[in-house]
Amino acid sequence: MLQPAMSSKGRPDPAGGARPYGNEGRPKRSSKFDTQPISSSFLRRRVPSSPGMSAHDALLAVTDDPSLMPGARNALTKALGLQPGQRFVLLAQAGYEDVAAALLRAAVELGVETRSFVLDEETCERELFVQRIVGELAEADGSALVASRNGLPRAFRRAVMEIQGQRRHAHMVGVTPSMMRQSIRADHEEMHRLGERLIAHVGSCREIVVRSGVNEELVLRPDPTLRWHNGSGLLRAPGFTNLPAGEVFATPASVEGTLVPDGGVWLPKGPALGRSSRITMRFEGGRLVGADGPESDDIMAAVGQEPDGARVGQMCFGTNVGVLTPIGAMLQDSKIPGFHLILGYTCPELTGATWNSGILVPMLVRRADVTVDGKPLLVRGRYARELLG
């Protein structure tokens with residue numbers, strides 16, 4: 001929901017912004033790896049403790065899982081485009097050391113100069129520590145944050161994404177080992193090509209119609225003043241991307257009608273409402289005005305926490321062709337080829353939306369029929385043949 005290829009001014013670079021690699025004109029460090037001591041709670045739970053043990057050594061002491069390595073290599077080389085000798089900062093929440101260890105091993109294998117930090121909520125609220133992280137990220141060529149959706153302070157997570165510089169950042173919040181074995185191994189160049197073809201179809205359209213049930217029809221009208229963003233995860237210019245990647249999205253001007261999110265609904269700081277729940281969502285004036293079915297009260301309560309929480313923030317098309325079926329995980333399921341909506345959050349830095357909400361409620365339609373100005377785009381959740389090349 002957040003991905004880019006961004007220019008140094010924070011604007012999306014539609015071509016991916018290819019730029020030279022390298023460390024020209026920058027002093028070399030005297031030490032290749034960091035010696036920042038990691039949190040004691042992490043050491044007690046995961047690694048035989050020793051005073052002053054660095055995050056680098058602690059992560060490398062985690063049992064190697066070869067099944068995670070292809071995804072880790074893909075994230076660093078194909079998504080971020082890192083090359084030997086460049087600088088990479090790895091930030092990992094305690095409890096996510098399996099994924100972080102795979103990324104670190106891939107970085108060492110690649111010959112990337114790596115600084116590693118294992119974090120907890122208390123550490124991320126210390127001003128001096130945050131200042132150090134900001135300094136490290138400002139000098140880096142690439143970075144990754146591996147954490148849970150709610151485990152680290154939101155302000156810290158946002159700061160990690162927004163720090164300016166030449167860095168290409170992978171935001172891997174909520175990533176699991178199963179995602180590393182599936183969606184994060186996907187071909188970013190293939191996703192990018194599909195995304196560009198989708199934007200060519202929807203970029204100047206007047207109306208998108210989504211049919212998700214026998215009588216359920218949702219009519220969305222794009223705002224021609226806002227941008228469609230291709231979140232393929234392919235970064236070659238400063239910016240950030242979500243991993244797993246794979247979606248094209250924009251903020252609509254209007255939304256009217258009904259929708260059945262048969263692929264699931266994910267509530268902020270709450271439960272995921274699974275595929276077995278048949279909920280009919282009713283939209284008027286671009287907002288969710290009612291829901292009928294199991295857990296409908298929970299949905300309305302969640303989006304009512306902020307003034308624009310019930311407003312449609314994004315209309316999205318998944319482009320991760322490496323994912324074939326939902327697994328119940330929002331980060332991966334929302335990238336499946338098909339259609340989904342997001343309530344609240346507009347990702348204004350990428351869409352150009354003039355409003356935003358801290359609420360983020362994705363809702364996935366598995367077998368949608370979608371037409372764009374009357375022409376088929378999705379048939380029972382599958383893209384029209386010409387889109388797939």
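Analyst: Arg132 and Glu136 are four residues apart in helix α5 (residues 127-139), so about one helical turn separates them. Helices here are DSSP runs of H or I with at least four residues, strands are runs of E with at least two, and both are numbered from the N terminus. The model is predicted: local features need pLDDT of at least 70 and side-chain atom pairs count only at pLDDT 80 or more, while totals for chains, interfaces and linings use all residues. Residues are numbered from 1 along each chain as its sequence is written, and side-chain values use heavy atoms, with hydrogens and water left out.

Arg132 and Glu136 form a salt bridge, with their closest N and O atoms 3.9 Å apart. A salt bridge is a side-chain nitrogen of Lys or Arg within 4 Å of a carboxyl oxygen of Asp or Glu. Glu136 is buried at 8% relative accessibility, whereas Arg132 is partly exposed at 29%. Buried means under 20% relative accessible area, exposed means over 50%, and partly exposed lies in between (1.4 Å probe, protein chains only).

A salt bridge also joins Arg158 and Glu162, at 2.8 Å from N to O. These two residues are four places apart in helix α6 (residues 154-162), so they too are separated by about one helical turn. Arg158 has a relative accessible area of 22% and is partly exposed; Glu162, at 44%, is partly exposed as well. Salt bridges with shared partners join Arg115, Arg132 and Glu136 into one network.

Another salt bridge links Arg126 with Glu122, where the closest N and O atoms are 3.3 Å apart. Glu122 is exposed, with a relative accessible area of 54%, and Arg126 is partly exposed at 45%. By the salt-bridge rule, the count comes to 14.

The aromatic rings come next. Rings of Phe, Tyr and Trp (its six-membered ring) pair if their centres lie within 6.5 Å; planes under 30 degrees apart count as stacked, over 60 as edge-to-face and the rest as tilted. The count by this rule is three aromatic pairs. Phe117 and Phe129 are both buried. Ring pairs also link Trp228, Phe317 and Phe339 into a cluster.

Asn230 is in strand β7 (residues 229-231) and is buried, with a relative accessible area of 8%. A polar atom of the Asn230 side chain lies 3.0 Å from the backbone oxygen of His192. Such a polar contact is a pair of N or O atoms within 3.5 Å; within protein, one must be able to donate a hydrogen and the other to accept it, and residues adjacent in sequence count only if both atoms are side-chain atoms. Leaving aside residues up to four places away in sequence, Asn230 touches Met191, His192, Gly195, Glu196, Ile199, Glu247 and Val248. Contact here means heavy atoms within 4.5 Å.

Last, the cysteines. The structure holds zero disulfides, a disulfide being a pair of cysteine sulfur atoms within 2.5 Å. Cys124 is buried at 5% relative accessibility, and Cys205 is buried at 10%.
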